[in-house]
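Hi,

Here's the structure I said I'd pass on.

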Amino acid sequence: MIDSSIGKKTGYHIRTTFLKVFVYIILVIILAIVILPIWLLLVNSTRSTTQIQLGVSFLPSKYLIWNYKYLLGIGVDMVTGFKNSVFLAFSTTILTIYFGMLTAYGLKVYRFPGSKFLYNMILILVMLPMQMSIIGFYQYMSKFGLTDNYIPLIIPSIASAGSVFFAKQYLDSILIKDLIDAARIDGASEIGIFHRVMLPIAVPGMITLGIFSFVASWNNFFNTFIMISSTSKFTLPMMMQLLQGDVYRKEYGAIYLGMAITIVPIMIFYAIFSRFIVSGIAMGAVKE
């Protein structure tokens, strides 16, 4: 009997070890599939067009400065595009987080006639793509003289339906109404409760929402392409359309460099704050 139980335990450990090794192998393969294209993009940004056409290389070359000078030579000012993208991304992210949480807090805490209807309308807006209303939106902004301006790209983030939906789902899981009642008994104002009670406990969810909003704003090409016409106001995604080069010869090294400059900030931003996504999901999954 003892030998039989030992044999079963040994077999169990062997199967468990084999399963772990198999899972690790799959994870390594997935990691390689994800990282390899990004690494090749970064490497190609340091190579010349001739080297790129000769084949794949995993080692950087010496044409990084030349590629950047070529971008400047064709009027692609990546520094200006970077500053514009940073300004738009941070502006929209801050407004999206604050007003998204504020609206979700109102829908969660207060009960008023039409609150359910309002929330259902928000759900409908989440499912509607922006492209459906872009013509009317452009005409509306044109009447106010706000074309070729950042205002139409920043102010609408106050009424982001997607951010309200996300914030509402998060607050449904973590918000404890007893804290709000206790703050009211202590004499705190309603707006004070929002700032001093709700926001501190919703930090993981706010950062998660901020990451999604920042990435969406940074990669936003369609809206900026419609609203912005001045080259000096182009964002990095819009700068990419200037990387076509000559009709008969394309400088692929410069194109890869422009793409690298566009995506590297997003990678750094995500690497810094990605741990808050896990934290936000974990906190949102626990409900008292």
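By contact I mean heavy atoms within 4.5 Å. On that basis, among contacts in the protein between residues at least 6 apart in sequence, 75% join residues at least 24 apart.

Before the rest, some housekeeping. This is a predicted model, so local features need pLDDT of at least 70 and side-chain atom pairs count only at pLDDT 80 or more, while totals for chains, interfaces and linings use all residues. Residues are numbered from 1 along each chain as its sequence is written, and side-chain values use heavy atoms, with hydrogens and water left out.

On the fold: there are 14 helices and zero strands (DSSP runs numbered from the N terminus, H or I of at least four residues for helices, E of at least two for strands). Of the 288 residues, 36% count as buried, meaning under 20% relative accessible area with a 1.4 Å probe, protein chains only.

Helix α4 covers residues 78-109, 32 residues in total, and reaches 45 Å from its first C-alpha to its last. That is close to the 46 Å expected at 1.5 Å a residue (1.5 Å times one less than the number of residues). At the start of α4, a side-chain oxygen of aspartate 77 comes to within 3.3 Å of the backbone nitrogen of valine 79.

Then there's methionine 227, in helix α12 (residues 222-227). Methionine 227 is buried, at 2% relative accessible area. Leaving aside neighbours within four places in sequence, its contacts include Phe137, Tyr138, Met141 and Leu146. The C-alpha atoms of methionine 227 and tyrosine 138 are separated by 7.1 Å, though the two are 89 residues apart along the chain.

Cheers

Key:
Buried < 20%, exposed > 50% of the residue type's maximum accessible area, 1.4 Å probe, protein only. Polar contact = N/O pair within 3.5 Å; in protein donor to acceptor, adjacent residues only side chain to side chain.
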